[in-house]
Amino acid sequence: MSQLPVKIARWSARHAWRAIAGWFAFVILCLGIGIALGSHEATTEDYRVGEAGRAEAIASTAGMQQQPTEQIIIHTKSGPLDTAAAASAAQDLTERMRKLPEVQGVAAPVRSRDGQVVRVPVVLNGPELDGKKNVGPLLAQTAKVQDGHPNLVVEETGSPSISKGVNDQRGKDLALSERITLPVTLTTLLIVFGSVVMAGVPLLLALSSITAALGLSMVASHLLPDPGVGTNMILLIGLAVGVDYTLFYLKREREERSRAGGRLSSEVLVELAAATAGRAIVVSGLAVIVSTATLYLATDVIFSSLATGTILVVAVAVASSLTALPALLVKIGHRTELRAARGKPVRTKRAEAETGRVFDALLTPARRRPALTLGVSTLVMLVLAAPALGLKLVDPGKDTFSRDIPAMQVYDRLNTAFPELLVKHVVVARSTPDRAAEVQHALTDLGRRAQADPLFARAAGPTVRTSPDGRVSVLELAVPFPAPSPEAIASLNHIRKDYLPATAGRLPGVETAVTGDVARGRDYVDHENGKLPLVIGFLLLATLVMTVWVFRSVVIGLIGVALNLLSVGASLGLLVVFFQGTWAQNLLAFHSLGAIASRVPLFLFVILFGLSMDYQMFVVSRIQEARRNGMSAREAVLDGISRSAKVVTSAAIVMVTVFGAFVALHLTEMKQMGFCLAVAVLLDAVVIRLMVLPSLLLLLGERAWWPLRPVRPARRAHAAVPRPGVPQDVG
């Protein structure tokens with residue numbers, strides 16, 4: 001693998017137009033195949049975990065699974081409800097809905113206890129997850145009923161319309177994040193390179209990589225179903241790493257060009273860059289891919305989709321940096337050489353080996369007092385990480401969605417008028433047909449026990465539904481508390497631990513389970529917590545093995561793992577401080593859940609390890625390069641850090657901008673992810689790479705490079721290069 005980036009760069013440099021055309025043909029082909037095949041979306045079955053998933057599987061065998069249902073409510077803006085007018089509107093609505101092919105049935109209107117609100121339940125055809133795709137015609141008919149009854153308020157809510165609203169909002173949010181990140185990224189690149197052309201290259205390749213990855217993700221969805229989150233991850237990670245990889249390569253090519261002073265051709269300069277930055281990009285991308293792949297161990301459809309999206313876009317970004325980028329640099333270099341040959345002034349921003357005033361100031365403490373700097377900076381990071389010990393997890397259900405979504409506003413009004421609709425626990429029992437009466441009696445007994453419990457809603461009497469074949473019976477129990485509340489969770493525990501074991505659970509040969517929104521959420525969190533040790537264990541092992549393999553040093557491998565843990569811990573601690581409490585709600589425009597979305601910590605742990613490996617590879621490879629060129633351990637650390645400081649920080653600014661834009665989104669889960677990623681990258685680039693890492697390496701000296709095997713002599717990247725001391729690869 002060590003010579004592959006150089007060989008690819010050499011071919012691309014010598015066949016520039018073919019390489020550029022081939023790259024964009026590849027992008028178009030990926031997108032075309034993806035569109036032709038389409039996406040295979042995840043089904044309800046793909047989300048089932050734990051006891052709740054088992055209950056849903058049992059119910060589905062008898063056709064008694066949960067169905068997508070909309071609730072249309074009729075009320076007045078002020079004053080008492082006109083009963084006759086409400087009945088007329090409900091009749092109009094019922095007739096319209098029953099004519100729709102998307103509708104399975106319309107139930108009789110139900111009045112609230114105070115008589116001021118009427119609701120009409122409408123059941124849609126098809127699986128639960130298809131509701132959001134089929135709800136559009138229902139919303140249109142609801143709007144027509146509203147137009148026909150202007151003195152009333154007729155509005156619709158339900159899981160299908162809420163899901164549609166969330167998807168629409170997510171689309172607007174992503175467009176907003178693009179409007180924020182693209183200009184800031186372009187401005188950052190202009191500052192770094194001082195050239196519109198050179199600044200445009202990273203953006204061009206990043207966007208083309210994202211396009212290709214989107215097409216490939218559609219193909220991959222036929223192997224791993226797409227729950228609809230992979231696209232978000234491709235956009236989030238793709239722009240960040242796509243720009244970063246190109247930035248590292250570009251900076252190295254400009255360094256080589258400045259050092260050569262016009263004595264080397266563009267083809268040779270690109271080859272020299274490939275011998276260092278190109279190889280580092282390959283290793284860095286591989287590190288991110290290996291780290292992210294551990295998410296598959298969670299055996300969860302959402303994590304698998306996130307992993308697939310990240311792996312695809314990182315792999316494509318690496319490929320673009322090895323193929324299209326060298327060809328583009330050669331063409332840009334030829335243009336520069338032509339201008340110089342004609343005697344025209346060529347504006348070239350000098351490649352600086354020094355750090356500059358700001359970076360020099362940040363490096364000064366580590367250079368002068370490494371022990372004190374290491375102690376203070378590590379202590380600061382540990383203090384930032386301390387709040388993570390109080391991390392609480394919650395599965396973010398529809399109660400946590402933004403109230404900017406119209407269906408969520410109606411949802412709140414519906415639950416105020418009909419509190420019994422807030423939460424429903426569904427008890428499912430399966431047995432042989434001859435025991436149907438016995439099972440029904442046991443479930444009825446369970447229902448009576450629950451209704452004597454203040455945590456449950458009062459009803460006329462528990463109703464047990466049994467399948468036509470008598471094998472499956474279902475009992476629904478209402479709870480007048482929101483799903484994330486302690487009361488709703490306690491009511492679930494009462495059913496599972498007390499009432500069910502004392503009734504239907506005692507019957508031999510009868511299979512029982514409990515599902516519902518609360519049960520789904522609790523089981524999902526428990527499922528993730530159960531997988532957490534496995535994922536983190538493999539992640540730490542993979543990171544250690546990868547680093548030791550690249551740098552041939554056990555000590556460097558252990559340092560990499562420790563620093564990654566420090567960076568991730570500090571960012572998770574700040575996540576808890578900002579999002580688990582309420583003090584930052586107005587500052588960041590969110591409604592606190594009192595906890596962190598259950599998917600966020602595990603996902604961030606894996607992704608942040610991968611991104612931290614990014615910086616670790618680039619910085620340490622610079623240090624190793626200096627060491628192989630004859631410098632002492634101390635000189636190599638200072639030289640490597642100083643040469644990589646600006647480019648790493650520039651790359652970090654791009655990443656922080658991309659991730660930080662997600663804090664402006666409406667979905668609390670995406671806000672938490674964006675915030676934590678932005679903070680982690682900033683801490684990693686500034687505190688870890690400019691303070692902790694150099695201090696530690698300076699204190700360890702040659703001991704930091706304790707090898708598994710002797711370091712082999714460096715080889716030239718190109719035999720025709722007339723300059724000695726060609727920088728070596730990271731492997």
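Eight aromatic pairs are present in the structure, which is a predicted model. Two of these pairs are set out below.

| Ring pair | Distance of centres | Angle of planes | Class |
|---|---|---|---|
| Phe248 and Phe618 | 3.6 Å | 15 degrees | stacked |
| Phe579 and Phe590 | 4.6 Å | 40 degrees | tilted |

Phe248 belongs to helix H9 (residues 230–260) and Phe618 to helix H21 (residues 599–628), so their pairing ties together parts that lie 370 residues apart in sequence. Phe248 is buried, with a relative accessible area of 6%; for Phe618, also buried, the value is 6%.

The rings of Phe579 and Phe590 count as tilted because their planes stand at 40 degrees. Phe579 is in helix H19 (residues 554–579), while Phe590 is in the loop between helix H20 (585–588) and strand E11 (596–597), 11 residues apart. Both Phe579 and Phe590 are buried. Ring pairs also join these two residues with Phe578, Trp583 and Phe675 in a cluster. Elsewhere, Arg119 is placed over the face of Phe418, 4.9 Å from the ring centre.

The model also contains an open sheet of four strands, ordered E8-E9-E7-E10 with antiparallel pairing. Strands E8 (464–466) and E10 (511–516) are at the edges and have a single partner strand each, so one side of each lacks a neighbour in the sheet. From one strand to the next, the twist averages 20 degrees. Strand E7 (residues 423–430) is joined to E10 by six bridges, and His425 has Gly516 of E10 as its bridge partner.

Two helices pack on this sheet. Helix H3 (residues 50–61) touches E7, E9 and E10, its direction making about 105 degrees with that of E10. Helix H17 (residues 486–502) touches E7, E9 and E10, and its direction makes about 20 degrees with that of E7.

Technical notes: Residues numbered from 1 in each chain as written. Predicted model: local features only at pLDDT ≥ 70, side-chain atom pairs only at ≥ 80, totals over all residues. Heavy atoms only, no water. Pairing = 2+ DSSP bridges. Axes fitted to C-alpha atoms, helices over the stretch in contact; angles between N-to-C directions. Contact = heavy atoms within 4.5 Å. Phe/Tyr/Trp six-rings, centres within 6.5 Å; stacked < 30°, edge-to-face > 60°. Buried < 20%, exposed > 50% of the residue type's maximum accessible area, 1.4 Å probe, protein only. Lys NZ or Arg CZ within 6 Å of the ring centre and 35° of its normal.
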